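Subject: Structure for you to look at

Hello,

Here is the structure I promised to pass on. Please open it first, then read my notes below.

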Amino acid sequence: EWAEAQGVQTALSEQVAELRRELAGVLSGNDEIVSENGTLKQTLADTTAARQTVGNELAEVRTELDDAYGLTETLMRELGAFRGELEDSSAARQALRTTNSELYQQLHESQEEKASFGVRVEQLEAEVAESQKNRENLVQEASAIRSELEDSSRAHAAAETQITEAQDAL
């Protein structure tokens with residue numbers, strides 16, 4: 001029995017040794033799993049952080065895109081306003097061209113009228129010059145007539161004096 005008990009004990013010791021080897025292998029595998037689990041947790045944390053960063057960047061891009069859409073809408077409104085102003089400016093420019101054309105026509109007519117007035121002024125100046133000559137001639141004739149009248153008055157006064165003297169002498 002003793003030998004049998006020793007045989008059982010030896011068999012149990014071998015089984016215990018085998019179980020210890022298996023346990024050591026499991027524990028070694030467990031350490032690897034724990035280590036791998038830590039690596040996976042770190043990778044998950046890094047991935048989560050990267051995902052959060054990408055999410056933040058995506059939010060910023062969305063904000064910038066919204067801003068760009070807003071700016072585009074503002075620019076489109078301004079462009080529409082500028083087009084309206086351009087059309088108004090074009091209409092005003094066309095009106096100015098029409099007005100300028102009318103003004104050039106009026107200027108041309110005014111220049112023709114001025115030339116006509118110039119001719120008339122020259123005619124009037126010639127008439128004034130002729131009138132001045134006639135006036136000068138009339139002044140000279142009047143002066144000559146006055147001289148003759150004065151001579152005649154003197155001669156008449158002398159004749160009256162002679163008549164008076166002759167009557168007194170008679």
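What radius of gyration does the protein chain have, and what would a compact globule of 170 residues have? The chain has 69 Å, while the globule would be near 15 Å. Keep in mind that this is a predicted model.

**Overall shape**

The C-alpha trace spans about 235 × 30 × 15 Å along its principal axes. Buried residues make up 0% of the 170 residues. The accessible surface comes to about 15,200 Å². Carbon and sulfur atoms account for 56% of that surface.

**Charges**

The protein chain has 15 positive and 35 negative charges. Their mean positions are 1 Å apart.

Look for the negative surface patch next. Glu 57, Glu 60, Glu 64, Asp 66 and Asp 67 form it. Is Asp 67 buried or exposed? It is exposed, because its relative accessible area is 53% and the cut-off for exposed is over 50%.

**A nonpolar patch**

Leu 23, Val 26 and Leu 27 make a nonpolar surface patch of about 280 Å². Val 26 is in helix α1. Val 26 has 55% relative accessibility, so this residue counts as exposed.

**Salt bridges**

How many salt bridges does the structure hold? There are four. Side chains of opposite charge can pair when their charged atoms come close.

Start with Arg 154. This residue forms a salt bridge with Glu 150, where the closest N and O atoms are 3.8 Å apart. Arg 154 also forms one with Asp 151, at 3.2 Å between the closest N and O atoms. Together, Glu 150, Asp 151 and Arg 154 are linked in a network.

Where do these partners sit? Arg 154 and Glu 150 both lie in helix α1, four residues apart. Arg 154 and Asp 151 are three residues apart in helix α1. Each spacing is about one turn of the helix.

Now check their accessibility. Arg 154 counts as exposed at 51%. Glu 150 is partly exposed at 44%. Asp 151 is partly exposed too, with a relative accessible area of 43%.

Another salt bridge joins the side chains of Glu 127 and Arg 120, at 3.9 Å from N to O. Glu 127 is partly exposed, at 46% relative accessibility. Arg 120 is also partly exposed, at 39%.

Best wishes

Methods:
Residues are numbered from 1 along each chain as its sequence is written. This is a predicted model: local features need pLDDT of at least 70, side-chain atom pairs count only at pLDDT 80 or more; totals for chains, interfaces and linings use all residues. Side-chain values use heavy atoms; hydrogens and water are left out. Patches are made of residues with over 30% relative accessible area and no salt bridge: like charges are joined within 9 Å, nonpolar side chains (Val, Leu, Ile, Met, Phe, Trp, Tyr) within 5 Å. Accessible areas come from the Shrake-Rupley method with a 1.4 Å probe; for residues, only the protein chains shown count as cover. Lys and Arg count as positive and Asp and Glu as negative; His and the chain ends are not counted. The place of a charge is taken as NZ of Lys, CZ of Arg, CG of Asp or CD of Glu. Buried means under 20% relative accessible area, exposed over 50%, partly exposed in between (1.4 Å probe, protein chains only). Helices (H or I, at least four residues) and strands (E, at least two) are DSSP runs, numbered from the N terminus. The radius of gyration is taken over C-alpha atoms; the globule rule is 2.2 Å times the number of residues to the power 0.38.
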